[in-house]
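Please look at the structure on the screen while I describe a selection of its contacts.

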Amino acid sequence: MGETFKIYIDNLDFIQSEDRHGLQDSEVTDNTKVIIVGAGPVGLLVATLLSEHNVAVTVLERGDAADNRPRATHYGSPAVKELVRAGVWHDVLSAGFCPSVVTWRKPNGDKIASMPMSSTEKDYPYPMVVLPVGDLVTVLLEHLSTRTNVRVLYGHTVEGLGQTDESAWVKVRTKDDHHPKTFTAPWIVGADGSSSAIRKLNNLPFEGKTWDRQIVATNVYFPFDERYGWTDSNFIIDRENWYMAAKISKNGLWRVTYGEQSGLSDEVLLSRQPEKFRHMLPGNPDPSKYTLTSISPYQVHQRRAPTFRNKRFLLAGDAAHVCNPFGGLGLTGGIVDAGNLADALLGVLLGVANQAILDKYSEERIKAFDGPIDFISSTNFCRIAYQDAETALQNDEFLQRLDVDDKANSEVANELHESVFAIQHDFTQYYTKT
Ligand SMILES: Cc1cc2nc3c(=O)[nH]c(=O)nc-3n(C[C@H](O)[C@H](O)[C@H](O)COP(=O)(O)OP(=O)(O)OC[C@H]3O[C@@H](n4cnc5c(N)ncnc54)[C@H](O)[C@@H]3O)c2cc1C
């Protein structure tokens, strides 16, 4: 080790030293108890919940700002419970809205069946909410800006890591600095998305499958409701031209996510979009009839890490698990991870739980993913993309149970709601002291 001396940058204390390759390396020394890698919704929610209990948190984010690609929009009741607990629900609801009805349709738009989107039981007070994930991130950042014990550092890419029995560290490269910085803390959370460096550097595989259907997600202004009488969310069943059309803002922005052949390049997928819309959407619109504001192709996976804990490293959100988006459960599950992980870490940090609670975190979140999340998301994906609309009603028991009468519809909605709500888990039950 070379001689150390202190410098002061970005409100952080650094000790400069040499790493084992002889490179100049800055070690960040401060009172951070939890480092969170990734300033996506999951990382920021963990930071919000921890900082409420005065835990000092550093969030390291590779990008310069929030990721604004068209991704999550719908969050189910177990996620809403966490947003309420984090004190951000009021702002989420005033920026977003609660959708009312979902309809499964034939390619010509005819209704096959429909269902209320939240439980009608008054025992379940948390209605599904719709808000594009970029806006959710904005709400979380606004709340965090009032906290003095949280630092969100953009332009900080994690490239290496290590740990001892007492602490863990990450090596970070910043854009304008050639020397890596080392950030150390008792606990490190990998909330760095599906390509997670924290997962990979801990040598954890991402087991599961990639679906043989590719998707293209778009945000578009088009009057599905006003002109065509469509409900807030709609799934169009077809083996080839299947898609989801869902209202995602109060001002008429819709999400259209449609299926494409796998194996096409991004360039070809984007060039095919106008023809796809002309063929699929009601009224067969050409581009002059709608305003496309964003478009992004994605592969679709059902995958998870074998464990969400490796000693002092913990995984949450897409870093831990991914599923297809047709159950609205990817980030819903990630938000519940965030709430559970914050409670588990708080238990350890406040001395009211032992470290076994962190293994329990991994165990319970894996149970939720392998159970309701995988089952509900896969079933709805197969319902819309892997069958014919003409025979869907005849083959699909779930659709048959809908639209018999209002009572039957409420029953199905409540059952589905209960299955989704089962991904909630109360970690304070494992606290040994109050
Ligand atoms: C088309 C589509 C629609 C979807 N719809 C829904 C929906 O309606 N409901 C739902 O619940 N889910 C939905 N999802 C899933 C949802 O978008 C994801 O689950 C969610 O965005 C994951 O959040 P996250 O915070 O875990 O990860 P991310 O949002 O991916 O954030 C990870 C962050 O980590 C940063 N990062 C990565 N690597 C590093 C590194 N080495 N160092 C530092 N920082 C790093 C990234 O820059 C990023 O900001 C959808 C997904 C898609 C693709």
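A backbone N or O atom of Leu-331 lies 2.8 Å from an oxygen atom of the ligand, a polar contact being a pair of N or O atoms within 3.5 Å. Gly-328 also places a backbone N or O atom 3.2 Å from a ligand oxygen atom, and for Val-42 the corresponding distance is 3.1 Å. The model is a predicted one, in which local features need pLDDT of at least 70 and side-chain atom pairs count only at pLDDT 80 or more, while totals for chains, interfaces and linings use all residues. Residues are numbered from 1 along each chain as its sequence is written, and side-chain values use heavy atoms, with hydrogens and water left out.

Which residues come nearest to the ligand? Of the 31 residues around the ligand, they are Glu-61, Arg-71, His-74, Asp-318 and Thr-332; a residue counts as near if one of its heavy atoms lies within 4 Å.

Helices here are DSSP runs (H or I, at least four residues), numbered from the N terminus. Helix α2, residues 77-85, packs against helix α8, residues 330-349, at an angle of about 45°, and their axes are 8 Å apart. Axes are lines fitted to C-alpha atoms over the stretch in contact, and angles run from 0 to 180 degrees between N-to-C directions. The two helices, α2 and α8, are therefore oblique to each other, since angles under 35 degrees count as roughly parallel, over 145 as roughly antiparallel, 65 to 115 as roughly perpendicular and the rest as oblique. From α2, Pro-78, Ala-79, Glu-82 and Arg-85 meet Thr-332, Ile-335, Val-336, Gly-339, Asn-340 and Asp-343 of α8, contact meaning heavy atoms within 4.5 Å.

Helix α8 has a further partner in helix α9, residues 356-385: these two pack at an angle of about 165°, with axes 9 Å apart. They are therefore roughly antiparallel to each other. Val-336 and Asn-340 are among the α8 residues in this contact, and Tyr-361 and Arg-365 are among those of α9.

Finally, α2 packs against helix α12, residues 406-421, at an angle of about 55°, with the axes 8 Å apart. That makes α2 oblique to α12. Ser-77, Pro-78 and Lys-81 of α2 make this contact with His-417, Val-420 and Phe-421 of α12.

How values were computed:
Polar contact = N/O pair within 3.5 Å; in protein donor to acceptor, adjacent residues only side chain to side chain.
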